[in-house]
Every structure is written in structure tokens, then in C-alpha cells.
Amino acid sequence: TSHVMATWATAATATSILLVRHAAAYGAADSMWSAKQCPELYDSNGIWKGSLLVDGNYTLYCAPGFEVSGRGGGRSRSMTCPESPIWPFKWYCKNIDDCAKLKHGCGALGLCLDLIGSYDCN
């Protein structure tokens with residue numbers, strides 16, 4: 001038989017509640033406590049920063065020349081980890097199409113070549 005003795009202490013601070021578990025386990029397989037959180041995300045053209053905990057804010061920051069996928073674009077976008085804990089959006093940093101944003105194109109016979117963070121007219 002396994003014997004587990006655990007005591008819980010709760011300490012409140014101005015901005016958060018800290019839960020502390022002290023456990024003495026004899027043959028217990030699982031004596032660790034872990035908070036519910038969403039999985040960490042990665043992007044090769046940007047960086048995710050923030051909290052993975054439920055109700056935590058997680059933000060994608062895109063590198064220059066890239067914007068967040070989906071409606072609205074922009075260089076950064078934030079979301080909150082839900083209770084599920086599965087991220088509600090599948091955002092990533094995509095190359096900004098600089099050719100699509102040209103007001104006058106590349107001229108009558110010109111061909112626009114989109115580059116990362118710029119364009120070239122041939």
C-alpha cells in the first residue's frame with residue numbers, strides 16, 4: 001500500500017494566488033501537482049510570448065516583413081488560453097504581399113516579385 005501525506009497552503013498576493021503543495025510520498029506514483037495550461041506554440045517567422053495557463057494571455061509577435069494570418073493582419077495578436085485548454089486560433093506569421101499593396105504597380109510591362117519585407121520590379 002502506498003501512503004501519501006499532503007498539506008496545502010494558500011497565500012494571496014496583490015496580483016495572484018499561490019498554491020503550494022507539500023507532499024511526503026511513500027511508493028506513490030503521482031505526487032506532483034500541475035496547473036492546467038495550453039500547449040506551447042512555435043512560429044519560424046515570429047515568437048510567441050506570455051502565459052500558457054488557463055486565462056493567461058499569449059501573444060504572437062511577427063518578424064519584420066511578416067504579419068499575423070487571418071482577418072486584420074498586423075504585426076502582433078493576442079489570445080487567452082480557454083478552460084478546454086485548446087487554443088481557439090491557429091495563427092501564424094505570413095509574408096506580407098508587398099506587390100499587392102503597390103499603388104501603381106511596376107509599370108505597363110513590369111512584373112512585381114514579392115520579397116521578404118520588400119519587392120522588386122522586373
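The legends below describe close-up views of a predicted model.

**View A. The open sheet formed by β3, β4 and β6.** Three strands make up this open sheet, arranged in the order β3-β4-β6 with antiparallel pairing. Its edge strands are β3 (46-50) and β6 (76-80), each of which pairs on one side only. From one strand to the next, the twist averages 20 degrees.

**View B. Pairing of β3 with β4.** The antiparallel strands β3 and β4 are joined by 5 bridges. Within this pairing, Ile-47 has Tyr-61 of β4 as its bridge partner. In general, strands of a sheet pair through backbone hydrogen bonds, in either a parallel or an antiparallel manner.

**View C. The largest nonpolar core.** This core comprises 14 residues, and those with the most contacts inside it are Trp-48, Leu-60, Cys-62, Trp-87 and Trp-91. At least two core residues come from each of β4 (57-62) and β5 (66-68). The strand that gives the most to the core is β4, with 3 residues.

**View D. The surroundings of Trp-48.** Trp-48 is among the residues with the most contacts inside the largest nonpolar core. When neighbours within four places in sequence are set aside, Trp-48 contacts Leu-41, Tyr-42, Asp-43, Tyr-58, Thr-59, Leu-60, Met-79 and Trp-91. Of these partners, Leu-60 and Trp-91 are also listed with Trp-48 for the most contacts inside the core.

**View E. Ala-100 in the loop between β7 and β8.** Ala-100 lies in the loop that connects β7 (93-95) and β8 (112-115). Because its relative accessible area is 59%, and thus over 50%, Ala-100 is classed as exposed. A separation of 9.0 Å lies between the C-alpha atoms of Ala-100 and Cys-112, which are 12 residues apart along the chain.

Notes. Residues numbered from 1 in each chain as written. Predicted model: local features only at pLDDT ≥ 70, side-chain atom pairs only at ≥ 80, totals over all residues. Heavy atoms only, no water. Helix = DSSP H or I, 4+ residues; strand = E, 2+ residues; numbered from the N terminus. Buried < 20%, exposed > 50% of the residue type's maximum accessible area, 1.4 Å probe, protein only. Core = buried A, V, L, I, M, F, W, Y, C linked by side-chain atoms within 4.5 Å. Contact = heavy atoms within 4.5 Å. Pairing = 2+ DSSP bridges. Axes fitted to C-alpha atoms, helices over the stretch in contact; angles between N-to-C directions.
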